[in-house]
Amino acid sequence: MADARRRGLPIIARNVRVARGDATLLDDVDVTIPADERTFILGPNGSGKSTLLRVLHGLQRPTAGEVLWGGAATHPSGQAMVFQRPVMLRRSARGNIRYVLRSSGVARAERNSRIGELLGLVGLEHIAHRPARRLSGGEQQRLALARALARDPIVLFLDEPTASLDPAATKAIEDLVHTISERGIKVVMSTHDIAEARRLAGEIIMLHHGRIVETGAAMSFFDAPKTDEAKKFLAGELLI
Amino acid sequence: MSTFSESLLVAVGLIVHLDPHLTGIVLLSLRVSLTATLVAALIGLPLGAWIAVSRFPGRDALIAVLNAMMGLPPVVVGLVIYLLLSRAGPLGSWGLLFTPTAMVIAQTVLIAPILAALSRQVIADAWTEYREQLTSLGATPFGGALTLLWDTRYSLATVLLAGFGRAIAEVGAVIIVGGNIDGVTRVMTTTIALETSKGDLPLALGLGTTLIALTLILNLAAQATKSWARARFG
């Protein structure tokens, strides 16, 4: 069972480079995302966090280098991602989850109970029938989380899910991230918020200008950063 | 001066009293153009969606052809369908020439490219917004196309309306393949053309007024639906 749950892990990026036009978004990225721990991709805006997540999720093909999922070069199905600005389908909150369950091949008879369970998990049962696009930012983000979980993922990527939320909504998302990883789902999340990474991260990958600055266990990264960039960033200085 | 006002007065009378001759013509017009819009939608919308989300060699050329076909001259479409359906033509044995069915075929050919080209644009725009999200959720391009057809349904309603507007207002194609036979294939536009040349201005004006009013009402309804949907679904 444990082995089956870990299909597609670890994720290994080798010498990954992503260029778009003249701009290099990621360069020389060599990193292993292990099966356990919550992995946090930390860095200032524009450091390549979203691009790295999209590469690891198989949405973006690297210009050079390769990504291996559990040793295989083919992208596994057991992944889901919550985008920074999730696109809600023009249907109800329920309808959004039902859509994913249906396309993931969940039997019709099971769908209603799964929808109830997922909406309950993210605390949105009371607005199940509201049109998804009319929900608040925090509610949409929680619905996006439920929708991603409807794919029953082994790995869940979250791209700055709290970036534009108020403290209460941020807390709701962070609590959910806890719950999700306690259920054995591997969480890979990006943030530019040092305090958030302190609260949640097990392992840190710090990016700057599309390159990896430092990686390591969160505890030692925060207590004793090894690089100047990490020290500056943690001290609250502006990284340019 | 007085011809116009007198004719208009008689025309209003014809409309108000639901003159059977006039209503018969209006109903046939609606039947032909609505059927053509329906058939063209069944062809054009899936085609537009498919072109919007798939990548294949020659796609750009196909889009250019499709966009150019939006401006097909109705008389040329009428002529080609006429040649196909005429007794000596390849489909002559179907015996469809000078029937409402022939008119439906001509209008379908005329507006299917419009529906395909416009819906391609609508869905391509939506696809830029949805692509990563849908791919991440495991949708195939085919499934994605279906999803977008549903998610852009209110914009597509306007597309359908544009097609219907083109169908109901054109005269060139239906007059050639329908033959403008009284009580059989005479629709609003062909009657207006005929009665004007005959000098029966009241009927022509009455139909003209009905045509414009109909178009206006449909567009108002579409506009209302769209703003309602926007408020409801975002």
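This is a predicted model: local features need pLDDT of at least 70, side-chain atom pairs count only at pLDDT 80 or more; totals for chains, interfaces and linings use all residues.
Select helix α2 of chain A, residues 49-56: seven of its eight residues are buried, so the rest of the structure largely encloses this helix. Buried here means 20 or more other C-beta atoms within 10 Å of a residue's own, exposed means 12 or fewer, and partly exposed is in between, with C-beta atoms placed from the backbone. Helices (H or I, at least four residues) and strands (E, at least two) are DSSP runs, numbered from the N terminus. The buried set in α2(A) consists of Lys49(A), Thr51(A), Leu52(A), Leu53(A), Arg54(A), Val55(A) and Leu56(A).

Residues are numbered from 1 along each chain as its sequence is written, and chains are lettered from A and ligands numbered from 1 in the order in which they are written.

**The sheet in chain A**

Next, select β2, β1 and β4 of chain A, which form an open, antiparallel sheet of three strands in that order. Strands count as paired if DSSP finds at least two bridges between them. At the edges are β2 (23-33) and β4 (64-69), each with a single partner strand, so one side of each has no neighbour in the sheet. From one strand to the next the twist averages 20°, with axes taken as lines fitted to C-alpha atoms (for helices over the stretch in contact) and angles running from 0 to 180 degrees between N-to-C directions.

Color β1 (residues 11-20) and follow its pairings. With β4(A), strand β1 makes five bridges in the antiparallel sense; Ile11(A) has Trp69(A) as its bridge partner there, and Arg17(A) is opposite Ala64(A). On β2(A), seven bridges join the antiparallel pair, and Ala19(A) is bridged to Thr24(A). The β1(A)-β2(A) hairpin has two residues between its strands, and Gly21(A) in this hairpin has a positive phi near 65°.

**Backbone exceptions**

Most residues other than glycine have a negative phi, and most peptide bonds are trans. Stay on β2 of chain A and pick Asp28(A), which lies in that strand. Asp28(A) is not a glycine, yet its phi is positive, about 60°. It counts as partly exposed because it has 13 C-beta neighbours inside 10 Å.

Move to the loop between α1 (2-5) and β1 of chain A, where Pro10(A) is placed. The peptide bond between Leu9(A) and Pro10(A) is cis, with omega about -5°.

**Two further stops in chain A**

Where is Thr74(A)? Thr74(A) sits in the loop between β4 and β5. With 10 C-beta neighbours inside 10 Å, Thr74(A) is classed as exposed.

Then go to Val187(A), in strand β7 (residues 186-191). Val187(A) has 20 C-beta neighbours inside 10 Å and therefore counts as buried. Beyond its neighbours within four places in sequence, its contacts are Arg38(A), Leu156(A), Leu158(A), Val177(A), Ile180(A) and Ser181(A), a contact being two residues whose C-beta atoms, placed from the backbone, lie within 7 Å. Ile154(A), 33 residues away along the chain, has its C-alpha atom 8.8 Å from that of Val187(A).

**Where the chains meet**

Show both chains. The contact takes 17 residues from chain A and 14 residues from chain B. On the chain A side, β5 (79-82) and α3 (93-103) each supply at least two residues. That side has nine nonpolar, four polar and four charged residues, where Ala, Val, Leu, Ile, Met, Phe, Trp, Tyr, Cys and Pro count as nonpolar, Asp, Glu, Lys and Arg as charged, and the others, Gly among them, as polar.

Chain B has 10 helices and zero strands, and its C-alpha trace spans about 65 × 50 × 25 Å along the principal axes. Of its 234 residues, 39% are buried.

Select Phe98(B), in the loop between α4 (74-85) and α5. Its phi is near 65°, a positive value in a residue other than glycine.

Finally, bring chain A back. The largest nonpolar core has 133 residues, and those with the most contacts inside it include Leu56(A) and Val177(B). Such a core is a set of buried Ala, Val, Leu, Ile, Met, Phe, Trp, Tyr and Cys residues joined through C-beta atoms within 7 Å. Helix α5 (residues 100-136) of chain B gives the most to this core, 20 residues.
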